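Me: Hi! Could you walk me through this model?

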Amino acid sequence: MGFPDWNSAYENTYFVFRIPEDAQWSATELPDRTWAVWNDIGEPPYSIHLFSTWQEAISFLRNIFEKEKYLEDYWDPEGFEPGEDEFLKPPVKHKKDD
């Protein structure tokens, strides 16, 4: 994805929603400021979808979420304060879950 190491990729990756039983969709801000979204189903390498903006990426993920009819409790994008609208702006690193 263009990062020098895994730690750099991890620092720019945000959990978005859980997939039952033990998988998830995540979004990674790439070094060129675009976004990659991916899930960890199966074995690496995972397939990714690339988007020019955060709004495109989060909308794509929400569409998948709604299509699959997951429980609303599974939707919990990190990088936002509680109640903040994740569709208005990208996530913030210092607001990531630890």
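**Chat about the fold**

Reply: Happy to. The protein has two helices and four strands (DSSP runs numbered from the N terminus, helices being H or I of at least four residues and strands E of at least two). This is a predicted model, where local features need pLDDT of at least 70, side-chain atom pairs count only at pLDDT 80 or more, and totals for chains, interfaces and linings use all residues. Residues are numbered from 1 along each chain as its sequence is written, and side-chain values use heavy atoms, with hydrogens and water left out.

Me: Thanks! What pattern does the protein follow along the sequence?

Reply: Reading along the sequence gives α-β-β-β-β-α.

Me: And in which order do the strands sit in the sheet?

Reply: The open sheet runs β1-β2-β3-β4, with antiparallel pairing (two strands pair if DSSP finds at least two bridges between them). β1 (13–19) and β4 (48–51) are at the edges with a single partner strand each, so one side of each has no neighbour in the sheet. From one strand to the next, the twist averages 20° (axes are lines fitted to C-alpha atoms, and angles run from 0 to 180 degrees between N-to-C directions).

Me: How many bridges link β3 and β4?

Reply: Four bridges, between β4 and strand β3 (residues 35–39). Ala-36, for one, has Leu-50 in β4 as its bridge partner.

Me: What about phi at Arg-33?

Reply: Arg-33 has a positive phi of about 75°, although it is not a glycine. Arg-33 lies in the loop between β2 and β3. For context, most residues other than glycine have a negative phi.

Me: Nice. What does Tyr-70 touch?

Reply: Leaving aside residues up to four places away in sequence, Tyr-70 touches Phe-17, Ile-19, Pro-20 and Phe-65 (contact means heavy atoms within 4.5 Å). Tyr-70 sits in the segment after α2 (54–68).

Me: Last one: how does the radius of gyration compare with a compact globule?

Reply: The protein has 13 Å, which agrees with the value near 13 Å for a compact globule of 98 residues (taken over C-alpha atoms; the globule rule is 2.2 Å times the number of residues to the power 0.38). Along the principal axes, the C-alpha atoms fill a box of roughly 35 × 30 × 25 Å.
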